[in-house]
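Subject: Structure for you to look at

Dear colleague,

I am passing on the structure we talked about, and I would be glad if you opened it beside this message. Please read the notes below slowly and check each one against the view.

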Amino acid sequence: MKLAAQILGVLALGENAFIFLSRKRERILQRKLLSDILWMGNYLLLGAYTGAALNGIAILRELVFLQRDRRRWADAPWWPVFFAAFSWISPILEWVRQGRMTLLPILPTLGSMLFAIALYQRKPLWTKLLSIAGNLLWMIYAGIVGNPSGLLSSGILLVSALLGLFREQTGSPKKSTL
């Protein structure tokens with residue numbers, strides 16, 4: 001199971017390197033969706049149910065946010081609030097499962113809340129800025145639960161967001177296929 005989890009993690013790592021390099025909101029969301037599908041499988045196989053549940057919620061989030069320019073209902077300003085609040089189901093389930101409250105499930109929950117706000121933004125610049133803090137929280141969680149591919153992934157996402165911000169600020173060529 002751990003080997004299968006790490007294989008999914010390695011596949012997600014490759015995907016994560018490109019998420020925030022795009023200047024187009026839709027491409028960022030599509031890549032984030034694929035990444036979250038892979039990470040959900042990774043965390044499920046590791047038995048890290050908080051991470052798996054939050055990635056499941058993230059999948060729903062990206063599916064809604066991808067419809068934002070196509071469907072009027074998906075453009076409602078309450079969606080990020082809904083997904084941020086919905087993220088709290090994950091630590092609650094974890095606390096029930098453990099029979100006690102711990103701080104660990106709060107880290108990725110806060111990270112997911114930040115991503116809900118970040119990915120709702122119309123400007124990729126704001127998406128990249130807000131994702132940095134969310135990535136840091138997921139990085140800490142992955143380190144604590146012993147998920148090396150998750151830890152590396154968060155680092156790659158941070159680098160991707162920083163490189164994406166650099167591209168936004170320097171006006172690097174806009175004809176990129178990323």
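Helix α4, which covers residues 79-86, and helix α6, which covers residues 106-120, have axes that come within 8 Å of one another and cross at roughly 160°. An axis here is a line fitted to C-alpha atoms, for helices over the stretch in contact, and the angle runs from 0 to 180 degrees between N-to-C directions. The helices themselves are DSSP runs (H or I, at least four residues), numbered from the N terminus. Because of this angle, α4 is roughly antiparallel to α6, where angles over 145 degrees count as roughly antiparallel, under 35 as roughly parallel, 65 to 115 as roughly perpendicular and the rest as oblique. The crossing of α4 and α6 is right-handed, a word used when the near helix is turned clockwise from the far one by less than a right angle, with left-handed used for anticlockwise. On the α4 side the contact (heavy atoms within 4.5 Å) is made by Trp-79, Pro-80, Phe-83 and Ala-84, and on the α6 side by Met-113, Ala-116, Ile-117 and Tyr-120. Sorted by class, these residues are eight nonpolar, no polar and no charged, with Ala, Val, Leu, Ile, Met, Phe, Trp, Tyr, Cys and Pro counted as nonpolar, Asp, Glu, Lys and Arg as charged, and the others, Gly among them, as polar.

Before you go further, please keep in mind that this is a predicted model, in which local features need pLDDT of at least 70 and side-chain atom pairs count only at pLDDT 80 or more, while totals for chains, interfaces and linings use all residues. Residues are numbered from 1 along each chain as its sequence is written, and side-chain values use heavy atoms, with hydrogens and water left out.

The second pair to look at is α2 (residues 25-46) with helix α7 (residues 124-145), whose axes come within 13 Å and cross at roughly 10°, so that α2 is roughly parallel to α7. Arg-25, Ile-28 and Tyr-43 of α2 make this contact with Pro-124, Thr-127, Lys-128, Trp-138, Tyr-141, Ala-142 and Val-145 of α7, and by class the residues are seven nonpolar, one polar and two charged.

Is Arg-25 buried or exposed? With a relative accessibility of 11%, Arg-25 counts as buried, since buried means under 20% relative accessible area, exposed over 50%, and partly exposed in between (1.4 Å probe, protein chains only). The side chain of Arg-25 reaches the backbone oxygen of Gln-121 at 3.1 Å. If residues up to four places away in sequence are not counted, Arg-25 touches Phe-65, Arg-68, Asp-69, Leu-119, Tyr-120, Gln-121, Arg-122 and Pro-124.

Lys-32 lies in α2 and is buried, with a relative accessible area of 6%; neighbours within four places in sequence aside, Lys-32 is in contact with Ile-19, Arg-61, Glu-62, Phe-115 and Leu-119. Leu-45 also lies in α2 but is partly exposed, at 27%, and, not counting residues up to four places away, Leu-45 touches Met-1, Ala-4, Ala-5 and Leu-8. Leu-45 and Leu-8 are 37 residues apart in sequence, while their C-alpha atoms are 9.4 Å apart in space.

In α7 you will find Ser-131, which is buried with a relative accessible area of 1% and, leaving aside neighbours within four places in sequence, is in contact with Phe-20, Phe-115, Ala-118 and Ala-161.

Finally, Ile-89 lies in helix α5 (residues 89-98) and counts as partly exposed at 37% relative accessibility. Ile-89 and Leu-54 are 35 residues apart in sequence and 8.7 Å apart in space, C-alpha to C-alpha.

Terms used
Helices (H or I, at least four residues) and strands (E, at least two) are DSSP runs, numbered from the N terminus. A polar contact is a pair of N or O atoms within 3.5 Å; within protein, one must be able to donate a hydrogen and the other to accept it, and residues adjacent in sequence count only if both atoms are side-chain atoms.
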